[in-house]
Amino acid sequence: MTNALYIGIGPIIAVTLGVVVLLMVEVTLHPATRVWRLISFGSLISGFILAIVQWADAANNPQPIFSHMLMHDGFSAFGSIVLIIVAALGLLVAWPLVENDRARGAELVALVLLTTIGLMLLVSAANLMMVFLGLEVASISLYVIAGFIRKGARSNEAAVKYFLLGSFASAVFLYGVALVYAGTGTLEITAIAGPQFAGLTQTPVLLVGIGLIVVGLGFKVSAAPFHMWAPDVYQGSASGVTGFMNAGAKIAGFAALARILVVSFDAQRGDWGPALAVVAALSMVVGTVLAITQTDLKRMLAYSSVAHAGFIMTALVGGGAGIDALWFYVVTYAFQVVGAFGVVAAISGVASDESALKQYVGLGRRSPFLAGVLSLMMLAMAGIPLTAGFAGKFGVFRAALEAGYTWLVVLALVASAVGLYFYLRVIVRVYIDQETAEQPRVVITDGMRFALTTVAVLTVAFGVNPAPLLTVVSNALPF
Amino acid sequence: MTEFIWIVIALPLLGAVVLHFLGSRLGEPRAGLVGFGMVGAAFVIAAIAAVPFFQGESHGEQVFLFDWIEGLGAAASLLWDPLSAVMTLVITGIGALIHLYSIGYMHGDPGFSRFFTYLNLFIASMLILVLGDNFGLLFVGWELVGLCSYLLISFWNEKPSAAAAGKKAFIVNRIGDVGFLIALMLIFTTFGTLAFDVVLSHEAWDVNGIELGVGLVTAITLLLLVGGTGKSAQLPLYMWLPDAMEGPTPVSALIHAATMVTAGVYMIARTAVLFELAPVSSAIVASVGAVTALFAASIALKQRDIKRVLAYSTISQLGYMFLAVGVGAYVAGIFHLFTHAFFKALLFLGSGAVIHAMADEQDIGRMGGLRKAMPVTHMTQVVGWLAIIGIFPFAGFWSKDEILAVTFGKGGGYYVLWAIGLLTALLTAVYMTRWIALTFWGEKRYADDLHPHEAPGTMVLPLIVLAGFSVGVGFWNTPFLPSMEHFLEPAFEGVEQAHLPEGLVPWVLAAVSVGVAVVGAFYAYRRYRGAGAVELAPIGKGSWSLVEEAYRVDDLAGRFIVSPGRAVSNFMAFVVDRDVIDGAVNGLATAVRTAGERLRPLQSGFVRQYGLGLVAGTVGLLVWFASRGLG
């Protein structure tokens with residue numbers, strides 16, 4: 001029992017210590033940026049190891065810990081592992097941004113780590129109050145990250161918009177939590193579905209509460225119609241961190257949504273299933289249609305992430321059976337997002353808020369490496385076979401089919417086909433179009449090269465042989 | 001050991017990846033050495049893994065790696081049995097020698113490392129093709145080798161003719177691939193999987209209750225044959241192979257003689273269980289093979305390009321292999337594939353050495369007398385020449401005569417096919433003797449400022465090794481000691497095979513065909529030893545002009561297929577597609593785009609408007625949930 005207590009919170013503690021030490025050392029000693037790197041990656045690596053330990057322990061010994069506040073299970077451990085990897089890759093990509101700002105760089109690192117902590121709480125929470133806390137820790141950190149470039153008007157605008165709309169969504173979520181409490185008298189995720197509430201499953205109070213929770217988390221994962229902040233925020237934020245912001249929120253948001261809906265509200269699946277399907281359909285349509293008209297890669301990626309939120313959601317309409325498909329999609333998509341925004345950061349500059357598509361013309365000649373990674377990410381997002389994107393789409397569509405949502409799958413296939421257009425357009429720009437003017441040479445750091453190589457290799461590896469990851473995610477189920 | 005057989009594929013694949021990223025940094029000759037090393041290591045591993053087959057201790061195993069798409073039977077699973085072992089050894093063995101040769105041949109080419117990247121990729125693809133344990137993997141390999149072939153034919157893509165040849169190969173192969181793909185779909189709908197162990201096993205059919213009608217099997221096998229004619233350059237889809245000679249000579253040797261073009265033969269041998277049930281298809285396979293053999297041999301009689309003679313010769317020899325698998329002599333077919341790989345690679349590499357020495361001259365009318373300048377190359381080519389025309393005891397004798405004898409033994413209509421085969425043997429002796437006589441013997445006919453010289457060591461060594469094999473490998477399967485038949489037995493378990501006729505017949509037949517070869521060779525020797533002037537006559541003027549121009553099939557194809565095809569495709573493109581389909585697609589695209597443009601103003605940037613969107617969505621969900629709760 002005691003063991004589970006510490007093993008279950010280990011990864012969160014490790015990263016939290018990293019934040020505390022980093023900020024304290026920075027305030028007192030003003031060390032070289034090398035020390036920031038040492039502390040942040042040190043804490044992430046130890047967090048990663050502890051998460052692996054948690055994964056191993058939870059396999060035999062899943063249980064709620066800290067008075068049913070957190071959950072020590074494979075679901076939490078796997079979420080922490082993925083979040084830490086994404087945070088590390090995100091930091092590698094963002095590192096030039098950190099180093100360029102000697103005065104505030106450490107804060108950015110701390111904010112990324114804080115976001116990670118919030119997101120880990122979100123996936124590990126066993127109580128709706130903890131879900132809210134995790135959501136807020138992550139969200140507030142993300143608002144500040146969005147506004148990190150203080151001199152950039154877009155960045156400031158992004159932060160304010162994100163904050164205002166995000167607070168609104170948080171309030172809605174909190175109201176939903178309150179109504180669930182009103183309907184059931186408990187906030188424990190596992191207890192809500194307990195036998196004592198058997199007669200209360202369809203009360204309006206409870207159902208409206210579920211609806212509001214879906215709105216709150218739908219906002220975080222940028223599902224339509226709660227997505228409107230996404231393009232502005234992702235464009236306004238510094239390119240170096242956009243990938244992490246997007247990927248992290250998707251992972252934890254969907255994990256929390258899956259856990260709450262499947263564990264607490266399985267009895268109401270007939271009610272939330274169709275609603276989720278409509279939200280998913282709307283996201284796919286809106287994201288795809290609006291992505292087509294974009295001339296800026298960052299905005300295009302933002303809309304495409306709305307569409308992907310829709311694709312991921314299709315895994316959930318059938319309830320718990322789709323959780324492994326959801327994990328597979330979310331994880332591989334997170335890598336693709338980090339990769340794609342990483343290339344954006346390399347081309348447009350880590351601090352830039354613009355990345356017009358015409359900047360990418362002739363990239364195939366200027367930097368074969370970046371061109372290759374970007375094209376691979378585009379192919380993966382489009383869902384071309386032998387990339388992880390194909391295996392992911394295959395899985396979520398199958399989950400929806402088995403749940404009987406044929407119309408949703410047909411719509412998703414059409415959206416994927418239309419989506420090919422804007423993904424391939426990027427590749428055409430990169431390889432086929434002729435440069436009209438001389439473009440600057442592209443220089444990338446070793447860390448960025450490492451991060452991009454990693455995501456590229458993983459994207460191909462999980463595409464060619466999805467079985468290992470599928471095996472892992474089939475064990476990453478909520479307790 | 002067997003469970004690690006995937007390393008044989010992984011090594012050249014790794015080589016391709018490494019060379020792609022680091023090739024230009026490695027430079028010459030290290031890039032070539034990396035490529036050679038990978039393939040050589042793969043050969044060694046394959047040879048070790050094949051030992052149990054030689055000892056007769058293993059009948060082959062499945063090596064399951066991982067599932068790709070469940071339910072399709074298209075797992076990454078390999079089949080290591082005697083048949084795939086023979087193919088693997090040929091591919092990696094000859095492949096390694098050709099890599100070594102290429103280090104010398106491609107010396108100084110700006111695309112040096114790119115060449116080895118493609119070559120390694122080809123080896124890996126070809127191994128996927130022959131090692132795959134299901135039609136899915138077979139098809140992946142099938143398409144990948146097609147891609148590599150395209151990349152390598154048009155390797156010197158600054159030459160328009162090379163680029164065009166690459167395209168031609170690709171398009172002609174596509175036609176075959178369509179047939180192949182339809183065959184796979186039929187197989188999947190019939191058997192419910194693409195895995196060999198279900199599709200190709202009588203027991204599995206019984207277990208799964210699969211009823212196979214003759215009509216269905218005939219349809220499947222004929223469609224497979226369509227695929228095979230494309231890849232193996234048989235009538236009517238052979239046109240791409242002569243043009244494929246635009247690629248560098250090592251490519252012609254490896255892909256367009258020794259390995260890729262034999263994929264069709266391999267595929268038919270692999271699916272022998274199905275062909276056996278479809279006698280009509282088998283007869284068609286045999287006829288296509290025999291006719292192709294004769295047809296291509298007759299064209300080879302009058303070709304002037306040193307490589308085109310060999311290209312038509314390859315088509316002709318592939319015809320023999322089709323004849324063999326068509327009459328049910330699967331071992332004989334694979335045996336001829338095996339021996340042909342050695343002597344044809346030898347002949348191609350030899351002509352590469354000649355082209356190299358002659359400063360890129362390829363017209364054998366302008367050669368002659370190279371025997372003195374290139375003694376070693378000459379000696380190896382003599383071996384190759386004797387092997388291909390089927391003189392005892394060289395490799396071609398054993399394998400070709402086995403095919404002819406088995407065909408003869410089937411009797412009936414097969415006597416005709418046998419006669420065609422024998423006539424082809426005569427023509428083969430004539431055109432190959434002409435080839436070697438015009439190139440190496442007689443007086444020199446090239447300009448005085450050319451000083452041909454022996455090729456460098458890395459090129460000569462593979463020639464000598466291949467020459468040695470061209471003598472030796474024939475003894476693997478002789479009527480006295482049919483070791484290969486024994487070796488391949490497990491792969492053709494349960495398949496009724498055609499055998500040599502009893503008694504003295506095979507000996508008489510062998511004597512006849514050797515006699516025919518000697519006569520042909522003697523005639524050509526007399527005619528072409530000294531001749532120069534005849535050969536230098538401009539192409540297309542004399543009575544042989546039709547043959548010289550390969551029966552003007554390309555013209556005919558141009559007139560009757562390409563032009564109407566272009567007219568049809570113009571109609572399709574500019575009327576049906578642009579106006580009708582594009583109209584619809586553009587309409588959809590425009591609608592989507594317009595919708596996008598209409599929706600864009602919603603993205604005004606005003607927080608209040610975004611908030612409104614949020615509220616609208618929330619209200620929508622609230623109404624839904626509340627209605628569920630209340631109603």
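Predicted model: local features only at pLDDT ≥ 70, side-chain atom pairs only at ≥ 80, totals over all residues.
B:Arg366 is partly exposed, at 41% relative accessible area. Its salt-bridge partner is B:Asp363, with 3.6 Å from N to O. B:Asp363 has a relative accessible area of 14% and is therefore buried.

Staying with salt bridges, I move to chain A. There, salt bridges with shared partners tie A:Glu157, A:Lys161, A:Asp232 and A:Arg299 into one network.

Next, a pair in chain B. The side chains of B:Asp243 and B:Arg308 form a salt bridge, at 2.9 Å from N to O. What does the pair link? It links distant parts of the chain, 65 residues apart. B:Asp243 belongs to helix H10, residues 240-243 of chain B, and B:Arg308 to helix H15, residues 306-326 of chain B. On accessibility, B:Asp243 is buried because its relative accessible area is 14%, under the 20% limit. B:Arg308 comes out at 24% and so counts as partly exposed.

Back to chain A for one further pair. A:Arg104 and A:Asp101 make a salt bridge, with their closest N and O atoms 3.4 Å apart. Is A:Arg104 buried or exposed? Its relative accessibility is 14%, so A:Arg104 counts as buried.

As for the background, side chains of opposite charge can pair when their charged atoms come close. The cut-off applied here is 4 Å, from a Lys or Arg side-chain nitrogen to an Asp or Glu carboxyl oxygen. How many salt bridges does this rule give over all chains? The count is 15.

Key. Residues numbered from 1 in each chain as written. Chains lettered and ligands numbered in written order. Heavy atoms only, no water. Buried < 20%, exposed > 50% of the residue type's maximum accessible area, 1.4 Å probe, protein only. Helix = DSSP H or I, 4+ residues; strand = E, 2+ residues; numbered from the N terminus.
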